[in-house]
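This report describes selected structural features of a single model, for use beside its sequence and coordinates.

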Amino acid sequence: MSAAPAHDLDLTAPPVVKTIARRSLMVGVVFGIVAVILAFFRPEQFFRAYLLGFMCWLGVALGSMAILMIRHLTGGGWGMVIRRILGAAMRTVPLLTLLFIAVILGIHKLYIWAQPLDQVADKHLREHLEDITKTYLTTNGFILRAVFYFAIWNLLSLLLSMWSRQTDRTGAPDNTSRFKAVAGPGLILYAFTISFAAIDWIMSLDPSWISTIFGLVILIGEVLSAMCFAVVVERILFDYKPMSEMLSPDFVHDHGKWMLTFIMVWAYFNYSQWLIIWAGNLPSEITYYVRRLNGGWGYVGLMVVIFHFAVPFAILLSRPFKRNIRKLVWLAAWLLLMRYVDLFWIVEPNFSRAFLLTPEDVMVPVAIGGFWLAYFFHNLGALPLLPAYDPSAVEVLGPAHHHRENA
């Protein structure tokens with residue numbers, strides 16, 4: 001059993017958390033009403049934008065769960081100080097499960113394989129679909145696999161959250177071994193499920209295209225989104241206690257290093273996919289880049305290369321920059337925007353040969369984000385910002401961290 005920690009901090013989340021939750025809900029309602037109105041007039045554009053927005057916010061939730069499991073396996077104060085931020089994001093998975101129902105409702109608007117085959121003009125694609133829709137890409141299979149993915153994610157979230165709550169009270173058990181026992185297999189399950197979900201929900205938008213590394217591209221984008229989101233939230237909380245007393249420059253530095261690592265891995269996976277497809281030069285693979293390098297989409301891709309990788313990579317090489325939360329937060333916020341642009345570049349060219357940004361592409365993701373953020377900040381305010389009776393809490397609550405070096 002763990003003893004009471006030696007600290008005098010009130011670990012309750014500051015009132016600003018509830019304020020942001022209310023404002024986020026208002027944004028979600030307002031933009032949601034506009035999005036629903038647009039859905040009646042242009043349902044095709046609505047469902048495309050909905051899938052884009054859903055994948056953006058799902059990435060933050062699942063990426064947070066992955067980073068949380070990495071922290072349980074590796075330890076370290078860097079993860080403990082944002083553990084409740086990651087946990088609050090992870091606990092939005094039930095909401096995302098409900099939100100996925102809209103994707104199912106729009107399946108015939110989104111996926112060509114779910115439409116009558118006699119409407120497919122391309123003869124070779126129609127013959128390909130005749131085979132694959134008999135085995136893998138079926139409506140029932142799509143739904144059943146989604147149920148399986150969300151069941152795994154909700155189970156992992158439930159176990160990690162349940163044991164984390166136990167460490168908020170005196171005499172809490174040491175759940176370190178439990179966390180590790182779940183985190184190891186959990187990371188493997190997460191990698192497999194998100195890879196197959198990426199195939200089902202995004203790659204199958206163009207069933208003529210194949211990439212064996214695509215799941216990893218989506219996976220690394222999710223963990224990058226989650227770390228950037230955690231940096232943004234910790235910056236908001238840094239103006240208030242207890243975060244102002246817990247967040248040291250060393251922890252901020254670690255978060256910046258994680259961002260740099262994820263950016264480099266993201267670039268590596270994307271370049272590997274490009275190189276493999278370029279070297280193979282197969283008709284079943286090159287369609288992905290042919291679409292995304294023409295019709296104005298190439299400029300979006302160039303923007304992603306420069307501002308999602310090159311510029312952030314150069315900035316994050318600076319040690320002083322990575323140690324300053326007031327500076328790092330701006331890059332983190334920018335990278336969250338670039339994650340949206342990257343997903344936009346992945347999803348939208350499947351529907352538009354020429355570059356096109358519709359009102360739905362903005363309204364719908366913002367609406368989903370408003371509801372998601374409201375639930376996130378509700379979760380964040382429901383528990384202390386640190387599991388004080390966890391044995392690892394001393395890494396944050398120790399005397400060395402009872403100061404505000406970042407001011």
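## Cysteines

Cys56 is buried, with a relative accessible area of 15%; buried means under 20% relative accessible area, exposed over 50%, and partly exposed in between, using a 1.4 Å probe and protein chains only. The model is predicted, so local features need pLDDT of at least 70 and side-chain atom pairs count only at pLDDT 80 or more, while totals for chains, interfaces and linings use all residues. Residues are numbered from 1 along each chain as its sequence is written, and side-chain values use heavy atoms, with hydrogens and water left out.

The structure holds zero disulfides, a disulfide being a pair of cysteine sulfur atoms within 2.5 Å. Cys56 is in no disulfide, and the nearest cysteine sulfur, that of Cys228, is 13 Å away. For Cys228, the sulfur of Cys56 is the closest cysteine sulfur, and at 13 Å it is too far for a bond. Cys228 is also buried, at a relative accessible area of 0%.

## Nonpolar core

The largest nonpolar core comprises 139 residues, and Tyr111, Trp153 and Trp201 have the most contacts inside it. Such a core is a set of buried Ala, Val, Leu, Ile, Met, Phe, Trp, Tyr and Cys residues joined through side-chain atoms within 4.5 Å. Helix α2 (residues 43-74) supplies the largest share of this core, 19 residues; helices (H or I, at least four residues) and strands (E, at least two) are DSSP runs numbered from the N terminus.

Leaving aside neighbours within four places in sequence, Tyr111 is in contact (heavy atoms within 4.5 Å) with Leu51, Val103, Phe142, Asp200, Trp201, Ser204 and Leu205.

## Backbone geometry

Lys241 and Pro242 are joined by a cis peptide bond, with omega of about 5°. Pro242 lies in the loop between α10 (214-237) and α11 (243-246).

Asn281 is not a glycine, yet has a positive phi of about 50°. The loop between α12 (249-280) and α13 (283-292) contains Asn281, which counts as exposed at 53% relative accessibility.

## Surface patch

Leu302, Met303, Val305, Ile306, Phe307, Val311, Ile315, Trp334 and Leu337 form a nonpolar patch on the surface, with about 690 Å² of accessible area together. Patch members have over 30% relative accessible area and no salt bridge; like charges are joined within 9 Å, and nonpolar side chains (Val, Leu, Ile, Met, Phe, Trp, Tyr) within 5 Å. A salt bridge is a side-chain nitrogen of Lys or Arg within 4 Å of a carboxyl oxygen of Asp or Glu. α14 gives the most to the nonpolar patch, with seven residues. Leu302, found in helix α14, counts as partly exposed at 49% relative accessibility.

How values were computed. Areas by Shrake-Rupley, 256 points an atom, 1.4 Å probe, with all protein chains shown as cover.
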